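User: I am new to reading protein structures, and I would like to go through this one slowly, a feature at a time. Please give me the general idea each time, and then the case at hand.

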Amino acid sequence: MVFFSFHDFAYAKEKLKIVSSFSILGDMIQAVCQDHADVVCLVGIDADAHVYEPKPSDAKLILQADAIFINGMEFEGWMKRLFEATKTSAPIFKATDGLKPLSSSRIEMIPDPHAWNSPLNGVHYIENIVASLSQIDPEHKDLFEKNGKAMIDELQNLHKWAEKEFGSIPQNKRKVITSHDAFNYMARDYNIKFYSATGVDTKSEPSAKTIAQIVDTIRAENISAVFVENITNPALMEQIAEETKVKIGGILYSDALSSSNGPAPNYLQLLKHNFMELLKTMRESMEQAKTAQKVSA
Ligand SMILES: [Zn+2]
């Protein structure tokens with residue numbers, strides 16, 4: 001058996017230790033580095049990164065990290081406290097670097113951090129991840145570029161598919177109610193109108209006035225379903241569905257992956273699942289409108 005002293009570690013070709021702030025970003029990094037690094041995520045599956053409280057074990061992970069990846073755009077404000085407390089010297093990479101943030105659909109001037117909810121932005125994330133990993137591990141640059149290219153091809157194909165599918169839905173049926181304001185980038189790419197009960201983070205409860213506005217919108221716009229999210233309490237959407245007699249359209253995975261046996265175990269599956277759920281509900285609403293027309297004719 002060989003024992004390494006601390007200084008020998010540099011020669012022992014240990015795997016890179018990478019910390020990602022949340023699960024969706026962690027999966028993108030893993031897709032690029034595959035088994036050349038150990039990626040750990042501070043905020044896990046089905047968990048809400050907006051209101052996360054860092055644990056002492058997170059500080060330990062930060063101190064052991066060779067590199068740290070965050071989303072940026074004010075998504076994980078609590079990471080700053082971890083960086084200050086640990087005084088980490090590891091490089092910190094921002095996956096949204098170079099992307100122009102859209103503002104919240106509810107309050108202008110507040111950036112929407114959920115840039116990953118667009119496959120086109122996903123391409124940008126992967127390009128940044130490839131460049132960052134190549135910087136800390138130049139020996140595997142070719143491999144990171146190859147893995148990144150495969151992921152980018154998948155994202156571009158998915159975007160083309162989604163563009164065609166949403167394009168086949170009339171504009172007045174491309175309307176969606178969600179619990180928090182996490183889909184402005186998807187709204188831009190596929191011309192979908194999203195209405196949400198809370199803002200771009202989940203820190204505050206919606207006011208009675210906001211809930212009343214959502215109820216009015218559902219009636220005025222003839223919206224047939226509302227969506228719950230894996231990271232938020234479904235009670236509010238259930239209450240709105242009950243009051244307006246519309247159905248729950250399904251679960252959208254907005255800010256976190258599902259477990260490995262759930263419908264959104266990785267970034268690509270998450271995007272596909274969300275697209276499929278939205279398309280299914282929009283198509284059902286089209287059918288309902290056709291049936292109603294026939295009945296009244
Ligand atoms: Zn969010």
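User: Which arrangement do the four donor atoms around the zinc ion make?

Analyst: The angles that the four donor atoms subtend at the zinc ion run from 96 to 117°, which makes the arrangement tetrahedral (four donors count as such if all angles lie between 85 and 135 degrees). Please keep in mind that this is a predicted model, in which local features need pLDDT of at least 70 and side-chain atom pairs count only at pLDDT 80 or more, while totals for chains, interfaces and linings use all residues. Residues are numbered from 1 along each chain as its sequence is written, and side-chain values use heavy atoms, with hydrogens and water left out.

User: Which residues coordinate the zinc ion, and where are they along the chain?

Analyst: A donor is an N, O or S atom within 2.8 Å of the metal (3.2 Å for Na, K and Ca), and sites may look incomplete since water is not among the atoms. Here H50, H114 and H180 each coordinate through NE2 and D255 through OD, at 1.9 to 2.0 Å, and along the chain these donors follow the spacing H-x63-H-x65-H-x74-D. Two of them show how distant parts of the chain are linked: H114 is in the loop between β4 and α4 (119–136), whereas D255, 141 residues away, is in the loop between β8 (247–252) and α9 (267–296).

User: Are H114 and D255 buried or exposed?

Analyst: Buried means under 20% relative accessible area and exposed over 50%, with partly exposed in between (1.4 Å probe, protein chains only). H114 has a relative accessible area of 0% and is therefore buried, and D255 is buried as well, with 1%.

User: How do the strands pair in the sheet of four strands?

Analyst: Strands of a sheet pair through backbone hydrogen bonds, either parallel or antiparallel; two strands count as paired if DSSP finds at least two bridges between them. In this model four strands form an open sheet with parallel pairing, in the order β2-β1-β3-β4. Its edge strands, β2 (37–43) and β4 (92–94), each pair on one side only, and from one strand to the next the twist averages 25°. Between β1 (residues 16–22) and β2 there are six bridges, and I18 stands opposite V39 in β2.

User: Which strands does helix α2 lie across?

Analyst: Helix α2 (residues 56–64) lies across β1, β2 and β3 (67–70), and runs at about 150° to β2. Such an angle lies between 0 and 180 degrees and compares the N-to-C directions of axes, which are lines fitted to C-alpha atoms, for helices over the stretch in contact, where contact means heavy atoms within 4.5 Å.

User: How many residues of α1 are buried?

Analyst: Ten of the eleven are, so α1 is largely enclosed by the rest of the structure. These buried residues, including I24 and L25, pack against β1, β2, β3, α4, α5 and α9. After α1 comes Q34, with a positive phi near 45°.

User: How many aromatic pairs are there?

Analyst: Rings of Phe, Tyr and Trp (its six-membered ring) pair if their centres lie within 6.5 Å; planes under 30 degrees apart count as stacked, over 60 as edge-to-face and the rest as tilted. The count comes to nine aromatic pairs. In one of them, F69 and F93, the ring centres are 5.2 Å apart and the planes are at 40°, so the pair is tilted; F69 is in strand β3 and F93 in strand β4, 24 residues apart. F166 and F275 form an edge-to-face pair, 5.7 Å centre to centre with 75° between the planes. F166 lies in helix α5 (residues 141–167) and F275 in helix α9, so this pair ties together parts that are 109 residues apart in sequence, and both residues are buried. Ring pairs also link F22, F75 and W116 into a cluster.

Terms used
Helix = DSSP H or I, 4+ residues; strand = E, 2+ residues; numbered from the N terminus. Tetrahedral: all angles 85-135°; square planar, octahedral: opposite > 155°, others 65-115°.
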